[in-house]
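Here is a briefing on one protein model. Please look over the sequence and the structure before reading on.

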Amino acid sequence: MNGVRSGTGPLEGAVIAVAGAAGPAGRATLLRLAEAGATVVGADAHPERLAEAVDAARYAHGGASVTGETVDLLDPAAAREWADKTETEFGRIDGLVHLVGGWRGSANFAETNLSDWDALERLLIRTVQSTSLAFQAGLERSDRGRYVLISASGATRPTAGNAAYAAAKAAAEAWTLALADAFRKAGGEEGPRTAAAILVVKALVHDAMRAERPTAKFAGFTDVKELAEAIAGVWERPAPDVNGKRLWLTPQP
């Protein structure tokens, strides 16, 4: 397997792709997975920010195998090419972490702008469709395949000003649960050996946000480092325990 490291970390030998790797959550996830021993392949539509994220992970964890690919995840063919290239290059694919995000909202329900839905449908649903369809077969060939979606508690309890965002998140969750059902059926009587799981947060916070708003409490928010820890932890649990499950990182409404 070209480029796959060997060692003693809990994810040694695993090859994990991270979609939306250039943002703060992506940076934390690249680093945490590399620390656990995985070979990590990040993708983002922003090449400069992606290169910075990859370099930061490599610098922070010397010797880590972290690479980046500029991929338009709105293009299903491009997503499939990324999945095929990753599996061909490294000999396997053990995970896809979906961190592509975005938010738009309004002061109240009446002021909802349907252009927000158009944007969020592409960011939060189309990209999930592209990555899930592209990586399903490769993950099923793995002995520890995981598809991990990051969602928001608003999908379960929408608020008046977040109609478009909550609906898009809910649709992404439903799509991921359908993938989980496919993994369940593929496992037969023995149960799934590949899993699709949803990590649910209220919102995310990182150091730069705290620096910009030093008096803010960010109540109920999940730090991106804690999210990255939870992502890595999905591989520590048996597939049947996490497949088709919403794993809450914030109090459940």
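**Cavity, pockets, sheet and helix packing**

The largest cavity has a volume of about 40 Å³. This is a predicted model, in which local features need pLDDT of at least 70, side-chain atom pairs count only at pLDDT 80 or more, and totals for chains, interfaces and linings use all residues. Residues are numbered from 1 along each chain as its sequence is written, and side-chain values use heavy atoms, with hydrogens and water left out.

**Cavity**

- On a 1 Å grid over the protein atoms alone, a cavity is a set of points where a 1.4 Å probe fits but cannot get out; lining residues have an atom within 4 Å of a point.
- A volume is the space filled by probe spheres set on the points, with grid points joined across faces, edges and corners.
- The count comes to 1 cavity of 30 Å³ or more.
- The lining of the largest cavity consists of H98, V100, L124, V128, L149, I150, K169 and A172.
- At least two lining residues each come from α4, β5 and α5. Helices (H or I, at least four residues) and strands (E, at least two) are DSSP runs, numbered from the N terminus.
- The lining of the largest cavity divides into 6 nonpolar, 1 polar and 1 charged residues. Ala, Val, Leu, Ile, Met, Phe, Trp, Tyr, Cys and Pro count as nonpolar, Asp, Glu, Lys and Arg as charged, and the others, Gly among them, as polar.

**Pockets**

- A pocket is an open set of points with protein on both sides within 12 Å along at least five of seven lines.
- The largest pocket holds about 1100 Å³ of space.
- Its lining has 43 residues; L99, V100, G101, G102 and W103 lie nearest the centre.
- α1 (24–35), β2 (39–44), α4, β5 (146–152) and α5 each give the largest pocket at least two lining residues.
- By class, that lining has 23 nonpolar, 13 polar and 7 charged residues.
- The second largest pocket has a volume of about 320 Å³. Of its 16 lining residues, P24, R27, A28, V224 and K225 are the closest to its centre.
- Two or more residues of this second lining come from each of α1, α2 (47–60), α6 (207–212) and α7 (224–234). The largest share, 6 residues, is from α1.

**Sheet**

- Seven strands form an open sheet in the order β3-β2-β1-β4-β5-β6-β9, with parallel pairing. β3 (66–70) and β9 (246–248) are the edges, each with a single partner strand, so one side of each has no neighbour in the sheet.
- The twist averages 20° from one strand to the next.
- β5 and β6 (residues 195–201) run parallel, joined by 7 bridges. Strands pair if DSSP finds at least two bridges between them.
- Y147 has A196 in β6 as its bridge partner.

**Helix packing**

- The axes of α4 (residues 114–141) and α5 (residues 163–187) come within 9 Å and cross at roughly 10°. That makes α4 roughly parallel to α5.
- Axes are lines fitted to C-alpha atoms, for helices over the stretch in contact, and angles run from 0 to 180 degrees between N-to-C directions.
- Angles under 35 degrees count as roughly parallel, over 145 as roughly antiparallel, 65 to 115 as roughly perpendicular and the rest as oblique.
- The contact of α4 with α5 has 18 nonpolar, 4 polar and 3 charged residues.
- The axes of α1 and α7 come within 8 Å and cross at roughly 45°. α1 is therefore oblique to α7.
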